[in-house]
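Here are my notes on this one, in the order I'd look at things. Have the model open while you read.

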Amino acid sequence: MRSLSPAFNSVALNALRSTVGSVLVVAWIAAVDGLGGLTEMSARAVWLLAISVVLAVGVGDTIFFESVKWLGLVRAMTMSMVYPLFAALLAALLLGEAPTLQVSVGGLLTLAGLILTVRAKGGEVPAHGRFRLGLAAAVVAALAWAVSVILLKPALEEVDAVRSQAIRLPLAAAMLWVTPWAWSAHRPLREQGRAGLWRLFALGAFSAASSILFVAGVRHAGVAVATVLSSTAPIFALPLGFFFLGERVAPIAVAGIILTIIGIAILQH
């Protein structure tokens, strides 16, 4: 994504990767089981899957991007990390997934480590007069993501992770393509050489795989554990950025990574 971002804006790139991921998932289902399996799920499951992706992409992601403008990326990411806490609370209230002491301690340690890791990037100065609005937007985005996962969980009682993403990914792509920010994607796409197109294909494949694995995590590990662990991307991004992009890693980020690993170890014990 980093290597392609100079050529595409974020919405266009997300639309392209969602489209590639959608094609790959649907093609996989067609090759393995045929497309008939997509018509066997109930209308309730389809609606839950559809509403969950509308909340996650249409509401959560959109509001989060606005919070980034008002707060800066670091502050917005830090605030949005209350998303797993919201998800765990809602899962306990609505789905009967009462978190154990082990999950609670491990989750809080993991999130604390992630906050240290994100803060290590340094703080941007928020836009004048929009700080409180940015805080509110980041919290609302986190709440939208949490409700999205809560709606997703009941649908997974009758739909597996792959088939669920065959519904959610194309809908997410369609939502992105109707926005004017994605309409300019054809110009930089034509300018991409073979290497750029292969990177775009790889990005779509990784997006499809990661989304399927996340949904499988929600289905089998539960909302609390899956949402906490899915938030740990920064601890992988830092060493990858160091080795492949030459980005420096601050000592506080190392401390954050260690704390996150301890939290994950407690979660998995």
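1. Start with V25: leaving aside residues up to four places away in sequence, V25 touches V162, Q165, A166, L169, A208 and I212 (contact here means heavy atoms within 4.5 Å). Bear in mind that this is a predicted model, where local features need pLDDT of at least 70, side-chain atom pairs count only at pLDDT 80 or more, and totals for chains, interfaces and linings use all residues. Residues are numbered from 1 along each chain as its sequence is written, and side-chain values use heavy atoms, with hydrogens and water left out.

2. V25 also shows up in the largest nonpolar core, which has 34 residues; V25, Y83, W145, V218 and V223 touch the most other members. Among the helices that each supply at least two residues of this core are helix 1 (10–32), helix 7 (161–177) and helix 9 (194–221). Helix 6 gives the largest share, 9 residues. Such a core is a set of buried Ala, Val, Leu, Ile, Met, Phe, Trp, Tyr and Cys residues joined through side-chain atoms within 4.5 Å. Helices are DSSP runs (H or I, at least four residues), numbered from the N terminus.

3. Now F242, in helix 11 (residues 233–245). F242 counts as partly exposed because its relative accessibility is 45% (buried is under 20%, exposed over 50%, partly exposed in between, with a 1.4 Å probe and protein chains only).

4. Next, G246, in the loop between helix 11 and helix 12 (251–268). With 57% relative accessibility, G246 counts as exposed. Its C-alpha atom is separated by 44 Å from that of V46, 200 residues apart along the chain.
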